[in-house]
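Good morning, and thank you for coming.

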Amino acid sequence: MANRPIRSEQIEAQYRRLLPAQAGNETTTDLLASDTIVPVINITGAAEGQALRDDLQRSYDISSSTTALAGSGFVDWITTSGFWQVRLVITIDSSVAGAESSTFINDGTTSSFVFSTGPSSGGGTGVEEYVVSPDFTVFLRPGDVLRTNHPSATANVVTTISYRQVADLYGNLTQPTGFTFQ
């Protein structure tokens, strides 16, 4: 069994980046190649196929919610902290002046807008629909809420929202309801 030092700047740079305590001050004396075959067995859930693909893990399921706000007013959609997958569809009658919809994260003091249509001028020809990206993810801290506001006094705005929690506050993924690995 012979150990040979590895002389690859690219491998040494990655080694120093990934293991700074081992590589310290550009020293790579621990980085050796051997002609002995050592089997490596990965016993993590990912190796066993127990890691669900991201697109499947984020699937809407029976516990997903879909609801709507029509007319003026506001509603708090999500009040639980964590990561949430959200889909918004906003329908506005653009022939009515002042119709608008704003969706934002609020912590009780400050608001951070996720999407806002702005007030309609009233010069439109009728119903317009806005689909806010296919899906997006928001992170809510404890005390944060995802809220939609229709400030105008008209009933010419409808915001429909679908949402599902995809991870908790600490980033632990939430599997679709009823899903278990075989």
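Is tyrosine 163 buried or exposed? Tyrosine 163 is buried, because its relative accessible area is 13%, and buried here means under 20% relative accessible area, with exposed meaning over 50% and partly exposed in between, for a 1.4 Å probe and protein chains only. I shall return to this residue when we reach the aromatic rings.

First, the ground rules. This is a predicted model, in which local features need pLDDT of at least 70 and side-chain atom pairs count only at pLDDT 80 or more, while totals for chains, interfaces and linings use all residues. Residues are numbered from 1 along each chain as its sequence is written, and side-chain values use heavy atoms, with hydrogens and water left out.

Let me begin with the overall layout. The protein chain has 3 helices and 10 strands; these are DSSP runs numbered from the N terminus, helices being H or I of at least four residues and strands being E of at least two. Read from the N terminus, the order of elements is β-α-α-β-α-β-β-β-β-β-β-β-β. The chain has 182 residues, of which 30% count as buried. It exposes about 11,200 Å², with carbon and sulfur atoms supplying 54% of that area; the areas come from the Shrake-Rupley method with a 1.4 Å probe, and for residues only the protein chains shown count as cover. Among contacts with a separation of 6 or more, 78% are between residues 24 or more positions apart, a contact being heavy atoms within 4.5 Å.

Strand 4 is joined to strand 9, residues 145-150, by 5 bridges, and the two run antiparallel.

What stands opposite aspartate 76 in strand 9? That residue is arginine 147. The side chains of these two residues also meet in a salt bridge, at 2.4 Å from N to O; the term requires a side-chain nitrogen of Lys or Arg within 4 Å of a carboxyl oxygen of Asp or Glu. Because arginine 147 lies in strand 9 and aspartate 76 in strand 4, the pair ties together parts 71 residues apart in sequence. Aspartate 76 is partly exposed, at a relative accessible area of 32%.

In total, the count is 5 salt bridges. Another of them links arginine 141 with aspartate 107, whose closest N and O atoms are 3.5 Å apart. Arginine 141 is in the loop between strand 8 (127-140) and strand 9, and aspartate 107 in the loop between strand 6 (102-106) and strand 7, so this pair ties together parts 34 residues apart in sequence. Arginine 141 also forms a salt bridge with aspartate 144, at 3.0 Å between the closest N and O atoms. Aspartate 144 is buried, with a relative accessible area of 3%, whereas arginine 141 is partly exposed at 42%. Through shared partners, Asp107, Arg141 and Asp144 form one network of salt bridges.

The loop between strand 6 and strand 7 also holds glycine 108, which counts as exposed at 65% relative accessibility. Its C-alpha is 8.4 Å from that of valine 145, although the two are 37 residues apart in sequence.

Finally, the aromatic rings. There are 3 aromatic pairs; rings of Phe, Tyr and Trp (its six-membered ring) pair if their centres lie within 6.5 Å, and planes under 30 degrees apart count as stacked, over 60 as edge-to-face and the rest as tilted. Another brings us back to tyrosine 163: its ring and that of tryptophan 84 have centres 6.0 Å apart and planes at 65°, so the pair is edge-to-face. Tryptophan 84 counts as buried, at 9% relative accessibility.

How values were computed. Two strands pair if DSSP finds at least two bridges between them.
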